[in-house]
Amino acid sequence: MTKMVKELIANSPLIGLLALLLVIPGFIENQYVLQVMIFVGIYIVLVLSLNLLNGYVGLLAIGHAAFYGIGAYASAKLSIELGFPFLLSFILSGIIAGFFGFILGRPTLRLTGIYLALATLGFNVIVWLIMLNWMDFTHGPLGIMDIPQPELFGYKIESRTDYYYLMLAFVVLTLFSIHRLVSSRFGRALVAIREDELAAEASGIDTTRYKVQAFILAAFYAGLAGSFYAHFVKYVSPDSFTHMESFSILAMLALGGGGNLLGPVVGASILTVVPEAFRFLDEYRMFMYGGILVVMMLVRPMGIFGASSYSFRLKLFDEKEKSYDKGDKFIDLGDDTGGKTPEGSA
Amino acid sequence: MALLEIRAIDKNYGGLAALDQVNCNVEQGKIISLIGPNGAGKTTLFNAITGTMQADGGTVMFDGEDITGLKTHEVIKKGLARTFQHIRLFKKMTVMENVLAGLHTKTRCGIVGALMRPSWVAREEEEARARAMEVFELFDERLLPRINQQVDNLSYANQRRVEIARAIAPNPKLILLDEPTAGMNPNETQGIVDLIYRLRDMGFTIFVIEHKMRLVMTVSDRIIVLDHGVKIAEGPPEEIAENETVAQAYMGKRSHAQID
């Protein structure tokens, strides 16, 4: 078997899942279901980006909707007022949100734990208030309407199915790039900071620099998600980016479990679908939402997939670790030096 | 010129002088021990050298460069490495990942490298892993079979070994060991003694805080004694063993107890 075939088989679970997601719109007639799936995608990206901070670096940032909102408003303004094409305003809104991530991150990253949480929450409220009150720029509570539909290489994204595929591409690219980030020296440094900041410094890791970089990246992805949201709903208003939105994102991360890539995907999916699935309960459906979180915190405080890494690779062909599996030979006996004492002891 | 020169380091906590005008040198290729009763300021001196804590006065020269006031990661980049009195590992990472994190200063892949994965990134990672394996081999069969285990599943002694492995991986010019044998049994301690000799023979310079006198008297080329933040004695082991002031600092006055 050639190497390529082996790789294909090893990655078959992922390829299968992707194939399923690709054909699924063909079997869904209900536009509303597609719409929910698109929102699942947006939240997956948001939770993945928050996960960079809360899951990998171990910071407690709780104002993520601020960057989501900045991305959405930036994209709306860029495409309406400046007439930028979708792809350009999409990338630019990520960069703008990333810039605000830097502005917020640089001074506040000296803070830890609950203090950082408060600072990020405060930032969220400030951004919301600006959206609400800066009438000239944001149209205040009226929001910005008629955001143009995306056009990609001459193809106009119109139907729910079009948006679904755009979302799928967006989520896959996000997963792919974040996977590359966290599975590198860069990601190792982030986790080292989470595990022991002092030891990370003593290993030569510039902890402040890495934290700021993580903050910028998290804000960047959230900004992209905001841009996608703006072009999908075609309307942005301050209500969508309140601290309650931040708490939803945080709850998804808490439910799924941070520090890996599977947890955010699962958490975002469950907490987006559940309130929709129980819509027949009207207002009471939020009891389900809250109930799930309470039970989760009691049963698995780390989240469903807390803090370990998961691989979907089949390990059929992977070479075995340089075979040290020689039975019990290496059981630690503790004192195999036979109690000899150093020479010339005092 | 000594590799590490500490000049008139002061550190006050409120009215208490944790370090008071401490001077000392660590010469290239030597094993220098730092001893003293609890609270003498040994770890404080290590913290002042590595920038974990800023001293109130004095200078630290390393390899001809003034490193006073630098941040810890900058000091480490100059070629220092340290371990901690209480083990500080990246607990949820594997043994291999811990040592790879220790090689942070020897690698350079950042965000762009991680995203684009040019060929040098793979090469760099491979080289880092090869270097880590070299380091594991210094610990005989203690760490080699466990490189893919999460470190918080390891025994206490093995965790200490991983911490030392992480420190020596980037080939530092000077290693600061803060009580490397704390909590180890005599045989494990002997293992560390052998390792310290091995590192010295490999050309490493070692500055070690220890409480186990037998170990200190055996391995040290020179011993520095701190008490209440003041250097009260310095010299070769035989001299320190006979030193009246040192005995008093440890045992109180009029003591005839033997140091062992």
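Which strands of chain B does helix H10 (residues 244-251) of chain B lie across, and at what angle does H10(B) run to S10(B)? Helix H10(B) lies across S9 and S10 of chain B and runs at about 130° to S10(B). Helices (H or I, at least four residues) and strands (E, at least two) are DSSP runs, numbered from the N terminus. Axes are lines fitted to C-alpha atoms, for helices over the stretch in contact, and angles run from 0 to 180 degrees between N-to-C directions.

The model is predicted, and local features need pLDDT of at least 70, side-chain atom pairs count only at pLDDT 80 or more, and totals for chains, interfaces and linings use all residues. Residues are numbered from 1 along each chain as its sequence is written, while chains are lettered from A and ligands numbered from 1 in the order in which they are written.

Chain A contains 14 helices and 2 strands. Of its 346 residues, 43% count as buried (20 or more other C-beta atoms within 10 Å of the residue's own, with C-beta atoms placed from the backbone). Contacts are defined by C-beta atoms, placed from the backbone, that lie within 7 Å. Among contacts in chain A between residues at least 6 apart in sequence, 78% join residues at least 24 apart.

The contact between the chains takes 35 residues from chain A and 45 residues from chain B. On the chain A side, helix H8 (160-182), helix H9 (185-195) and helix H10 (197-202) each supply at least two residues. H9(A) gives the most to this side, with 7 residues. The residues of the chain A side comprise 14 nonpolar, 10 polar and 11 charged. In this classification Ala, Val, Leu, Ile, Met, Phe, Trp, Tyr, Cys and Pro count as nonpolar, Asp, Glu, Lys and Arg as charged, and the others, Gly among them, as polar.

Two packed helices are described by the angle between their axes and the distance between the axes. H9(A) packs against helix H3 (residues 95-102) of chain B at an angle of about 100°, with the axes 10 Å apart. H9(A) is therefore roughly perpendicular to H3(B), a term that covers angles of 65 to 115 degrees. A:Arg188, A:Ala189 and A:Ala192 of H9(A) make this contact with B:Glu97, B:Leu100 and B:Ala101 of H3(B). By class, the contact of H9(A) with H3(B) has 4 nonpolar, no polar and 2 charged residues.

Within chain A, the axes of H9(A) and helix H11 (residues 207-233) cross at roughly 110° and come within 10 Å. H9(A) is thus roughly perpendicular to H11(A) as well. The residues in this contact are A:Ala189, A:Leu190 and A:Ile193 of H9(A) and A:Thr207, A:Tyr210, A:Lys211 and A:Ala214 of H11(A). Their classes are 5 nonpolar, 1 polar and 1 charged.

Chain B has an open sheet of 4 strands in the order S2-S1-S4-S5, with antiparallel pairing. Strand S2 (16-26) and S5 of chain B stand at the edges, each with a single partner strand, so one side of each has no neighbour in the sheet. Two strands pair if DSSP finds at least two bridges between them. S1(B) and S2(B) run antiparallel and are joined by 7 bridges. These strands form a hairpin with 2 residues between them, and B:Gly14 in the turn has a positive phi of about 60°. Strand S1 (residues 4-13) pairs with strand S4 (residues 57-62) of chain B in the antiparallel sense over 5 bridges. B:Glu5 has B:Asn25 as its bridge partner in S2(B) and B:Met61 as its bridge partner in S4(B). The bridge partner of B:Leu4 in S4(B) is B:Phe62, and B:Phe62 has B:Glu65 as its bridge partner in S5(B). S4(B) and strand S5 (residues 65-66) of chain B run antiparallel, joined by 2 bridges. They form a hairpin with 2 residues between them, where B:Asp63 in the turn has a positive phi of about 55°.

Another open sheet of chain B is formed by 6 strands in the order S6-S7-S8-S3-S9-S10, with mixed pairing. Strand S6 (80-82) and strand S10 (230-235) are the edge strands, each pairing on one side only. The twist averages 15° from one strand to the next. Strand S9 (residues 222-227) is joined to S10(B) by 5 bridges, and the two run antiparallel. In S10(B), B:Glu234 is the bridge partner of B:Ile224. Helix H1 (residues 42-50) of chain B lies across strand S3 (31-35), S6, strand S7 (174-178), strand S8 (205-209) and S9 of chain B, and runs at about 145° to S7(B).

Definitions and conventions: Two residues are in contact if their C-beta atoms, placed from the backbone, lie within 7 Å. Angles under 35 degrees count as roughly parallel, over 145 as roughly antiparallel, 65 to 115 as roughly perpendicular and the rest as oblique. A residue is buried if 20 or more other C-beta atoms lie within 10 Å of its own, exposed if 12 or fewer, and partly exposed in between; C-beta atoms are placed from the backbone.
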